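Hello,

Here is the structure we talked about. Please open it and follow along with the notes below.

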Amino acid sequence: MITSLQSNDLDIAIGLTEGFVTALGNQGDAAGFKLVGTYVETPLCWAISTGANRELRDVKMLEGKKIGVSRIGSGSYVMGFVLADEFNWLKTPGEPPFTVIPLQTFQKLREAVNDGTADFFMWEHFTSKRYFDNGEIVRIGEIYTPWSSWKIAAAARLSAADDRLQDLFTKLNQGVEYFWSHQDEAVAYISSELDYSEEDAREWLKTVKFTTDVRGVREDTIEKTVEVLKKAGVVGNEKDAKARDMIGVPQDE
């Protein structure tokens with residue numbers, strides 16, 4: 001998505017906070033976009049999983065183990081640093097606290113914890129849940145992003161006052177209002193199109209909060225994200241990454 005914003009193939013993108021902030025932190029104005037809105041207010045819940053027959057059954061046993069990630073710099077990689085920071089396992093900023101095994105796909109991550117290639121991995125809870133239910137993998141814990149999970153980015157060529165951007169905000173707000181006022185319809189869509197059971201879809205709805213007014217981004221949220229990404233070495237410590245410079249439409253604190 002970021003490449004598409006930079007190449008003018010996209011004007012607007014909605015994506016995970018850490019991905020946008022990584023690009024802005026490392027590239028500054030050259031990233032070619034700004035954060036203009038907040039789509040989801042709640043953090044993302046990452047399940048911590050291991051293999052069905054592994055002896056690892058407590059998060060405290062994971063220090064120094066092999067972590068499976070989709071790729072270096074991905075959310076599954078960054079969250080390893082969040083986990084290590086929570087348990088005081090970080091030694092040097094940017095130095096992985098685990099042996100990192102890049103595995104590309106969710107399927108390969110599941111296979112890896114069962115064949116011993118990796119000891120554990122982290123993935124969004126409800127995407128993982130069906131594999132807990134069928135016994136393929138075991139959930140040993142969870143951890144939340146220290147930031148709200150989804151942001152709206154706009155190409156730098158769009159000013160904050162652009163009518164098209166304001167129209168998008170209005171329509172997204174209307175969509176969120178419709179979503180919350182038609183819960184049964186939402187559950188039917190999620191359970192039929194997104195590989196969730198109806199029960200899981202209803203449980204997911206209890207955990208997520210879409211922003212009632214998507215306009216703007218809180219500076220303190222981005223500051224926290226930069227702090228963690230620097231610990232992970234995903235944003236260079238030498239970078240003068242200021243949250244306020246990443247935001248095109250600020251939200252009142």
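**What turned up**

The largest nonpolar core has 44 residues, and I48, L62, L83, M122 and I222 touch the most other members. Keep in mind that this is a predicted model. Helix 3 (residues 75-86) gives the largest share of this core, seven residues. As background, nonpolar side chains in soluble globular proteins tend to be buried together.

Look at I222 next. Beyond its neighbours within four places in sequence, I222 is in contact with T17, V21, L35, K151, V217, A243, M246 and I247.

Now the rings. There are 14 aromatic pairs in the structure. Take Y39 and F210: their ring centres are 5.3 Å apart and their planes stand at 70°, so this pair is edge-to-face. Y39 sits in strand 2 (residues 33-40), while F210 is in the loop between helix 8 (198-207) and helix 9 (219-231). Y39 is partly exposed, at 23% relative accessibility. F210 is buried, at 11%.

W89 and F98 form another pair. Their ring centres are 5.9 Å apart with planes at 90°, so they are edge-to-face. W89 is buried at 9%, and F98 is buried at 7%.

Last, two helices. The axes of helix 6 (residues 163-181) and helix 7 (residues 183-193) come within 5 Å and cross at roughly 95°. That makes them roughly perpendicular. Y178, F179, W180 and S181 in helix 6 meet Q183, E185 and A186 in helix 7. By class, this contact has four nonpolar, two polar and one charged residues.

Best wishes

Technical notes: Residues numbered from 1 in each chain as written. Predicted model: local features only at pLDDT ≥ 70, side-chain atom pairs only at ≥ 80, totals over all residues. Heavy atoms only, no water. Axes fitted to C-alpha atoms, helices over the stretch in contact; angles between N-to-C directions. Helix = DSSP H or I, 4+ residues; strand = E, 2+ residues; numbered from the N terminus. Parallel < 35°, antiparallel > 145°, perpendicular 65-115°, else oblique. Contact = heavy atoms within 4.5 Å. Nonpolar A, V, L, I, M, F, W, Y, C, P; charged D, E, K, R; others polar. Core = buried A, V, L, I, M, F, W, Y, C linked by side-chain atoms within 4.5 Å. Buried < 20%, exposed > 50% of the residue type's maximum accessible area, 1.4 Å probe, protein only. Phe/Tyr/Trp six-rings, centres within 6.5 Å; stacked < 30°, edge-to-face > 60°.
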